Amino acid sequence: MHVGKSVFFHLAKELPNLPAVVYMCAMVGEAVSNTSIAFGSKAPMSWSYVLLVYPHLTDGMLVRQWCPSTNNILDMVTITMYASMPIFQPARTLHGHGKCTVKFCVANSVDPSTDAYVTKHVTETCQCQFQIPVLVEVVDKILDNRIPVVKLNCNGHLIVQDASQVTVDYVAISHVWSDGLGSTTESGLPTCQIQRLANITRRLVPGGAFWMDSLCIPSQQAARKRAIGIMGKIYRTAAKVLVIDSSIRILAADAPTEEKLFRIATSGWMSRLWTLQEGMLAKELVFELSSGTACAYQHLMPSTDELYVNTVIAPLAAALFRLTKGDQFDLVDIARALVVRRTSRAPDETLAIACLLGVDAEELAGLEPQERMKTLLLRIGKLPRSILTLGGPRMAEPGFRWAPRTLMTAHSARLTWLGDHVLCTPEGLLGTYSCLVFHQTTFGQGLMSWRLTGVIRGPTGGSEEFYDLLDCSDGESEPFVCNMLLITQHLRLGESLPCAAVLGIPCEGASEDRVNCVFKKNLLISRVSESSSQSKSTPHMGKATLGRVRVCVT
């Protein structure tokens with residue numbers, strides 16, 4: 001029912017607290033549907049649509065100076081969680097969230113290459129000296145594909161050791177540079193910070209040896225590229241991965257599990273690009289809390305009974321569980337995880353995910369930035385069919401006009417392994433798709449929507465299906481010429497899916513039966529009833545033949 005026709009809408013004139021009443025009903029509904037899982041029901045119903053009608057809870061977060069992107073990160077969190085928000089205060093940031101948007105948090109984005117970046121001491125009044133590891137020892141170990149780790153000796157001096165020769169385990173530290181711990185081997189870190197880190201790591205592993213990019217990755221290009229290449233090995237072989245984030249570090253050791261999970265889910269650490277692999281590859285993930293205490297990932301995971309009865313914990317724990325589900329990752333897993341992650345250096349995207357996908361990050365680091373995504377896709381080879389219809393910016397290079405320039409967009413959430421895979425090759429994307437084939441037609445020209453009639457050929461004649469096409473591009477659509485629409489699957493009545501508009505050119509004399517296609521644009525296609533199609537004033541583009549086709553999209 002439309003909101004304007006709802007009895008609750010009219011009651012709102014006489015009942016000022018109607019949103020609170022609706023929220024309460026939603027929370028009861030969440031509790032009932034969540035508990036029903038114990039009796040064999042499917043996934044619980046989401047009540048978050050209530051926030052679209054009554055956004056008081058989400059708006060209240062902005063009033064309390066939470067980052068606007070928090071609502072985007074918490075998209076699937078329950079009404080009960082939002083209702084609990086007033087008891088949580090946002091962590092302080094150096095620049096605040098005044099310039100942040102729903103999609104992007106500026107406060108957690110810093111460029112350490114600029115002169116404005118300052119490595120922080122433990123306290124603002126501290127003026128201790130910086131300690132620097134012996135550069136040649138770090139570089140030699142990296143160039144020899146070994147892992148340099150550091151520790152404080154009995155005299156409080158920083159020493160470098162080879163992780164493969166250390167008789168005790170080491171801790172790999174994962175942090176966000178916006179917290180002021182960024183540096184390089186050549187510059188080092190303040191002695192106060194090193195002592196603080198050493199105190200924590202000593203409680204985690206005997207001897208307290210640890211690896212940290214700010215101390216163990218030099219700025220020298222050869223060593224830096226090699227260090228990027230062995231980054232996966234560093235985090236995969238560490239005994240523990242210690243997460244250091246200012247918004248998590250404010251937590252007391254005895255804080256409720258709900259608050260711990262919430263702080264982690266909304267932390268800068270969960271929204272940054274490089275920390276994705278650091279969390280995914282960890283044998284044991286540990287979070288630094290206040291007073292130097294630490295909390296292991298296992299202690300945050302709720303029991304089965306808690307998942308049934310606590311509607312706050314379940315969705316928050318799910319975000320952390322997906323991050324630590326094991327060491328088997330594919331492009332769909334990574335792309336979905338990248339939806340809410342960002343980086344200050346766009347060319348780093350492929351470097352940060354390469355090892356998760358079994359690709360040599362050092363090879364990518366040696367390429368020009370514009371070549372990295374193409375090379376990553378070629379090395380992966382087998383891709384989900386839906387990558388062709390994925391929205392977002394695309395490459396301009398011939399042979400790869402179908403390929404996404406980045407996976408760090410909201411569109412990546414739509415990537416799925418539905419159907420057979422496709423193959424990324426130097427000549428184009430090879431695969432089989434459902435299709436609508438029609439006479440070469442010019443689309444655009446100031447229009448954003450069209451109609452099309454699909455004809456299914458059969459031995460006794462043909463049947464017709466009716467489709468609406470929509471260009472969802474921002475701004476006015478540029479004209480484009482195509483004669484085919486490629487879809488991941490045949491649409492049912494009332495169903496909508498993204499599709500790829502291509503210009504198909506049959507192969508002459510080719511050894512295999514396929515059509516070469518030039519990618520043009522993504523459109524949204526909807527299958528509608530005949531009466532619905534005829535009632536619309538949008539232009540009808542004629543009839544198209546429905547079928548399946550093997551293509552090479554360039």
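Predicted model: local features only at pLDDT ≥ 70, side-chain atom pairs only at ≥ 80, totals over all residues.
Residues are numbered from 1 along each chain as its sequence is written, and side-chain values use heavy atoms, leaving out hydrogens and water.

The pLDDT is the predictor's confidence in each residue, from 0 to 100. Its average over the protein chain is 85, and 87% of the residues score at least 70. Confidence is highest in strand β6 (residues 210-211), at 98, and lowest in helix α1 (residues 7-11), at a mean of 47. Over residues 1-5 the pLDDT is below 50, and this stretch has five contacts in the model beyond near neighbours in sequence; a contact means heavy atoms within 4.5 Å.

**Strand β12 and its partners**

Helices (H or I, at least four residues) and strands (E, at least two) are DSSP runs, numbered from the N terminus. Two strands pair if DSSP finds at least two bridges between them. Here are the partners of β12 (residues 428-443).

| Partner of β12 | Bridges | Sense |
|---|---|---|
| β11 (residues 421-425) | three | antiparallel |
| β15 (residues 480-487) | seven | antiparallel |
| β18 (residues 540-553) | nine | antiparallel |

With two residues between them, β11 and β12 form a hairpin. Leucine 429 of β12 stands opposite cysteine 424, and leucine 429 also stands opposite valine 553 in β18. Phenylalanine 443 faces phenylalanine 480 in β15.

**A buried serine**

Serine 412 sits in the loop between β10 (382-384) and β11. Is serine 412 buried or exposed? Serine 412 counts as buried because its relative accessibility is 0%, where buried means under 20% relative accessible area, exposed over 50%, and partly exposed in between (1.4 Å probe, protein chains only). Leaving aside neighbours within four places in sequence, serine 412 touches Ala335, Arg336, Val339, Leu390 and Leu407.

A cavity is a set of points on a 1 Å grid over the protein atoms alone where a 1.4 Å probe fits but cannot get out, and lining residues have an atom within 4 Å of a point. Across the whole structure there are two cavities of 30 Å³ or more.

Notes: 1 Å grid on protein atoms, 1.4 Å probe; cavity = no way out; pocket = protein on both sides within 12 Å on 5 of 7 lines; lining within 4 Å. Points joined across faces, edges and corners; volume = space filled by probe spheres on them.
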